[in-house]
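I opened this notebook to record what I looked up in one structure. The entries go from the whole chain to single residues.

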Amino acid sequence: MAEGTGVKLKRDAGVIGLLFASLGGIIGSGWLLGPLNAAKIAGPSAIIAWAIGGFAVLLLSFVYAELATAFPRAGAVFAFPKLSHGNLMATVLSFVVFLGYASVAPAEASAVITYGSNYVSGLIDKAGVLTSEGFIASAVLLAIFAIINTLAIRIVLAINSALTWWKLAIPVLTILVFVIVGFHGANFSSHRFAPGGASGIFSAVATSGIVFSYLGFRQAVELAGESSNPRRNLPIAIVGSVVIGLVIYMGLQIAFIGALNPSDIANGWAKVTFKGAFGPFAGLASLIGMGWLAVLLYIDAFISPSGTGIIYFTTTSRVLYATGKEGLLGGNTFARLSVAGVPIVGVIVSFLVGLLFLVPFPSWQGIVTFISSATVLSYGTGPVVLMTLRKTMPVDKYKRPYLLSGGMLISAVAFIISNFIIFWSGSSTDTFLFELILAFTVIYVGYEAIAGVGLSNLHWSGAWWLAPYFFGMWLITYLGPKGLTGGTGALGQVAASVILIVFSLVILVIAMNSGIPDPEEAKATILAGEPEMFGAE
């Protein structure tokens, strides 16, 4: 095994490889299980929830298209905060990023096992929770994902691209068959279009797997340092994947609602059930007499989540690799590469942490709600970074390879919507997330004070605003409506929404003014015209 300075990341990722990496992340277990969960929460108005989630993530994708092309590097999502606000903010966010990434592969493994329970008994219980046998099967899948990721990046992306062609074809085929063969238009109005009202729609965005599904766009961002032509490839891959995913997911939700037998929703959308509901699309295909499609869907229930699990292992290991290269955590330990140019320590750690995530979240829906909140919290800082760097590095002097039109306004809206998604994730999820962040921060600061650089050398000025931001988000969610966030109910939906918007704007102003006044590393990258990409070839 060689150190990162001896073996380098390979610039073998072309536009198709990057586009399919993001699509591979988007089209995974979300399409197999998300439409049923969304319909239970929001009824037919789940279609609106998919549109809201897609719009929110699309705004984030625009922001990251500018950042990733200007500063293409491995582990980009927290390398960007380091450029704009310094090491401390980047280190705290690196932990949040890792939580969001490392938990995806176990979610995908859990999805495979959930579908598999329809023909292999004993893998999950009646509530959809993994049994001990299901846990072991999930662990074996995680090991397979890890082994594949010891291969060179071009091989991993080639495997992912081949799987993604299949992953795109099967959902499109499913939409066509369901709409043509067994569509019941009355389902959209027979039990009200929005039985849960606005609260049902908003809750579905964050808790049914909708945001979780779209967030797969980040794969191209994290692989930016291995792109053969980042200026051209990244905007196409990042934005294109979200647009394609939006079209497919809305079509799937419409097809799913229409394919249900009216008797399946006789007791209302919250209690919708049918034979084979743990594998909803395959179950419906069997019920409408499309046995051949059900077979394909059961095959896809292994291929789609597995493909997503594989590509998330790829990017999670790059996130850990970047912590070492950026000097944030782990020193040279995480920066070690195998002879194939793979961050091997990151692959091993991703596997071990993935196993740990299956313990507190032994069901698919539980883990994806946590992932949505954690990932949006970390990626939601992208707008803060863009706005700060626009302020400290004016675009007329520091030209960006890709400049987002209306970037300041889009960033502000993206930040506000990101905070709403965190809010909609619910009080219990956010409390657990912020407790983990607090524990990590205390341990990290304590380590630096005792054995590290010392408290005075931490970049407090760039990171202090995270404390009121995180606390404020937790408090608003905790005081939020019982029916939406599971909070105390001290704040109604309208009051909480107004407070959240004002709070978001105040935090934006504070964060922008807390940035590094003269971001030398970011300026050098732009002026050089060709980022160093951590020694990528």
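The entries below follow the order in which I consulted the structure.

**Entry 1. Basis**

I note that this is a predicted model, in which local features need pLDDT of at least 70 and side-chain atom pairs count only at pLDDT 80 or more, while totals for chains, interfaces and linings use all residues. Residues are numbered from 1 along each chain as its sequence is written, and side-chain values use heavy atoms, with hydrogens and water left out.

**Entry 2. Whole chain**

I looked up the secondary structure and found 24 helices and zero strands in the protein chain. Helices (H or I, at least four residues) and strands (E, at least two) are DSSP runs, numbered from the N terminus. I then checked burial: 62% of the 537 residues of the protein chain count as buried. Buried means under 20% relative accessible area, exposed over 50% and partly exposed in between, with a 1.4 Å probe and protein chains only.

The protein chain exposes about 18,100 Å², of which carbon and sulfur atoms supply 70%. Accessible areas come from the Shrake-Rupley method with a 1.4 Å probe, and for residues only the protein chains shown count as cover. Contact means heavy atoms within 4.5 Å. Among contacts in the protein chain with a separation of 6 or more, 84% are between residues 24 or more positions apart.

**Entry 3. Nonpolar cores**

I asked which residues have the most contacts inside the largest nonpolar core. They are Trp-31, Phe-71, Phe-178, Phe-217, Leu-377, Ile-421 and Tyr-469, in a core of 150 residues. Helix 3 (residues 46-70) gives the largest share of this core, 15 residues. Apart from it lies another core, of 18 residues, including Ala-105, Phe-145, Ile-310 and Leu-358. A nonpolar core is a set of buried Ala, Val, Leu, Ile, Met, Phe, Trp, Tyr and Cys residues joined through side-chain atoms within 4.5 Å.

I then listed the partners of Phe-178. Not counting residues up to four places away in sequence, Phe-178 touches Phe-183, Ala-255, Ala-259, Phe-281, Leu-284, Ala-285, Ile-288 and Leu-293.

**Entry 4. Nonpolar surface patch**

I found a nonpolar surface patch of about 590 Å², made by Val-172, Leu-176, Val-179, Ile-180, Val-181, Phe-183 and Ile-254. Patches are made of residues with over 30% relative accessible area and no salt bridge; like charges are joined within 9 Å, and nonpolar side chains (Val, Leu, Ile, Met, Phe, Trp, Tyr) within 5 Å. Helix 8 (residues 153-181) supplies the largest share of the patch, five residues. Val-179 is found in helix 8 and counts as partly exposed because its relative accessibility is 39%.

**Entry 5. Salt bridges**

How many salt bridges are there? The count comes to four, where a salt bridge is a side-chain nitrogen of Lys or Arg within 4 Å of a carboxyl oxygen of Asp or Glu.

Glu-66 forms a salt bridge with Arg-390, and the closest N and O atoms are 2.8 Å apart. This pair links distant parts of the chain, with Glu-66 in helix 3 and Arg-390 in helix 17 (residues 382-392), 324 residues apart. A salt bridge also joins the side chains of Arg-400 and Glu-66 (3.8 Å, N to O). Arg-400 is in the loop between helix 17 and helix 18 (407-424), 334 residues from Glu-66 in helix 3. I checked their burial: Glu-66 is buried at 2% relative accessibility, Arg-390 is buried at 15%, and Arg-400 is buried at 11%.

Lys-82 forms a salt bridge with Glu-521, with 3.8 Å between the closest N and O atoms. Lys-82 lies in helix 4 (residues 76-85) and Glu-521 in helix 24 (residues 520-528), 439 residues apart. Lys-82 is buried at 16% relative accessible area, whereas Glu-521 is partly exposed at 33%.

**Entry 6. Two single residues**

Is Asp-430 buried or exposed? Asp-430 is buried because its relative accessible area is 0%. Asp-430 lies in helix 19 (residues 427-451). The side chains of Asp-430 and Thr-477 are joined by a polar contact of 3.5 Å. A polar contact is a pair of N or O atoms within 3.5 Å; within protein, one must be able to donate a hydrogen and the other to accept it, and residues adjacent in sequence count only if both atoms are side-chain atoms. Leaving aside neighbours within four places in sequence, Asp-430 is in contact with Ser-373, Ile-422, Phe-423, Ser-425 and Thr-477.

Leu-356 lies in helix 15 (residues 344-357) and is exposed, with a relative accessible area of 60%. The C-alpha atoms of Leu-356 and Pro-106 are separated by 9.0 Å, although the two are 250 residues apart along the chain.
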